[in-house]
Amino acid sequence: MRAILVVNPQATSTTAGGRDVLAHALASQVKLDVVETDYRGHAMAVARSAARDGIDLVVAHGGDGTVNEVVNGLLADADGDPAGIGDLPMLGVVPGGSANVFARALGIAHDPVEATHQLLNAIESDRSRKVGLGLADGHWFTFNAGMGWDADVVGRVAKRRGKQTTAGLYLRAAVASHLRPPLGRPPLTVRIPGEEPTEVLTAFVSNTDPWSYLGDRPVHLNPGSSFDTGLGLFALSGLRLPTVFKHVRQALLTKSDQRGRRLLRHDDLPMIRIDAAEPVNFQVDGDLVGQRTRVEFFSVPGALTVTV
């Protein structure tokens, strides 16, 4: 088996020693090349080349941003349909970031050493699974995407974080973005198959559950979402403090389905279209993509094979 280990040395939990241990362990089972990323988009370029060169396995060692880049590189030639490009490299993940939402949703240990053992056992046992992904405006996402408030938070955090990204930083960014939204609060029109258009102020799209983590605490918006189902939608038509507190509390304290007068919520959707009256921030997998006035989100079943 030919494999490439893609390491983001700037990720929160990655160290030179940990990288060397991981590389040595993998090299005992596969023919391995190691690449350390040194610019944004580097992991994507490496994964794209790996897919074109017929590499068997690409292992991402970093945070969710690194995983997202590798996924987008592996599927760069898919044009929205992975089945049309033949066999792709399998994806392996050894967490090295602060949240590691995709890895946790797959049951991968948060500790890099434990995750390495899991990966080695999966390789030895030839164990893998198919996962469905989301596709939005040409960007593949593994666990979530959104327009409005959550994207504002992502953008604010990106401007302030250094190597350490804490739950407190996200909380402060969420409060600041709620009180002083950088682009205002233009209305969003949500269109889903078989339903009348609905106007909201912010929209969260899930590809799995939890939607994300606040420190060690999972955030449940669409508990019915998984890598084997369609997309989840969680959108609010009001953002007054009582509404926000109610749904934040439910998301942090329970995994049960949320309900509310201001809530638009669906599970297992094949597609979602969101139109904005004015440009709003748009994020995928915790990275700010830019500003959009229209985004179509698609569920792509069985898009990728993960060694797990």
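**Backbone features, salt bridges and packing in the predicted model**

Asp137 is situated in the loop between β5 and β6 (139-141). In this predicted model, Asp137 adopts a positive phi of about 55 degrees although it is not a glycine. The relative accessibility of Asp137 is 38%, so the residue counts as partly exposed. A positive phi is also found at Asp126, a residue other than glycine, where the value is near 55 degrees. Asp126 belongs to the loop between α5 (112-125) and β5, and its relative accessibility of 63% places it in the exposed class. A further backbone feature is the cis peptide bond that joins Asp209 and Pro210, with omega about 0 degrees. Pro210 falls in the loop between β10 (202-206) and β11 (212-214).

Salt bridges were searched for across the whole structure, and 12 were found. One of them pairs Asp228 with Arg129, with the closest N and O atoms 3.3 Å apart. Asp228 lies in the loop between β12 (217-219) and β13 (231-236), whereas Arg129 lies in strand β5 (residues 128-136), so this pair ties together parts that are 99 residues apart in sequence. The relative accessible area of Asp228 is 62%, and the residue is exposed; Arg129, at 27%, is partly exposed.

Another salt bridge links Asp275 and Arg273, the closest N and O atoms being 2.8 Å apart. Asp275 has a relative accessible area of 12%; because buried means under 20%, Asp275 is assigned to the buried class. Arg273, at 21% relative accessibility, counts as partly exposed. Through shared partners, salt bridges join Arg191, Arg273, Asp275 and Arg294 into one network. A salt bridge is also formed between the side chains of Asp20 and Arg19, with an N to O distance of 2.8 Å. Asp20 is partly exposed, its relative accessible area being 42%.

The packing of two helices was examined next. Helix α2 (residues 42-52) packs with helix α3 (residues 64-74) at an angle of about 35 degrees, and the two axes are 7 Å apart. The crossing of α2 past α3 is right-handed. On the α2 side, the contact is made by His42, Ala43, Met44, Ala47, Arg48 and Ala51, and on the α3 side by Thr66, Glu69, Val70, Asn72, Gly73 and Leu74. Classified by residue type, the contact of α2 with α3 comprises 6 nonpolar, 4 polar and 2 charged residues.

Thr66 of α3 is also among the residues in contact with His61. His61 is placed in strand β3 (residues 57-62) and is buried, with a relative accessible area of 2%. A polar atom of the His61 side chain lies 2.9 Å from the backbone oxygen of Val94. Beyond neighbours within four places in sequence, the contacts of His61 are Leu5, Val6, Val7, Asn8, Thr14, Leu22, Thr66, Val94, Pro95, Gly96 and Pro112.

A further buried position is Ala151, at 0% relative accessibility, in helix α6 (residues 149-160). With neighbours within four places in sequence set aside, Ala151 is in contact with Gly146, Asn281, Phe282, Gln283 and Leu288. The C-alpha atoms of Ala151 and Val284 are 8.4 Å apart in space, while the two residues are separated by 133 residues in sequence.

Methods: Residues numbered from 1 in each chain as written. Predicted model: local features only at pLDDT ≥ 70, side-chain atom pairs only at ≥ 80, totals over all residues. Heavy atoms only, no water. Helix = DSSP H or I, 4+ residues; strand = E, 2+ residues; numbered from the N terminus. Buried < 20%, exposed > 50% of the residue type's maximum accessible area, 1.4 Å probe, protein only. Polar contact = N/O pair within 3.5 Å; in protein donor to acceptor, adjacent residues only side chain to side chain. Contact = heavy atoms within 4.5 Å. Axes fitted to C-alpha atoms, helices over the stretch in contact; angles between N-to-C directions. Left-handed = near helix turned anticlockwise from the far one by under 90°. Nonpolar A, V, L, I, M, F, W, Y, C, P; charged D, E, K, R; others polar. Salt bridge = Lys/Arg side-chain N within 4 Å of Asp/Glu carboxyl O.
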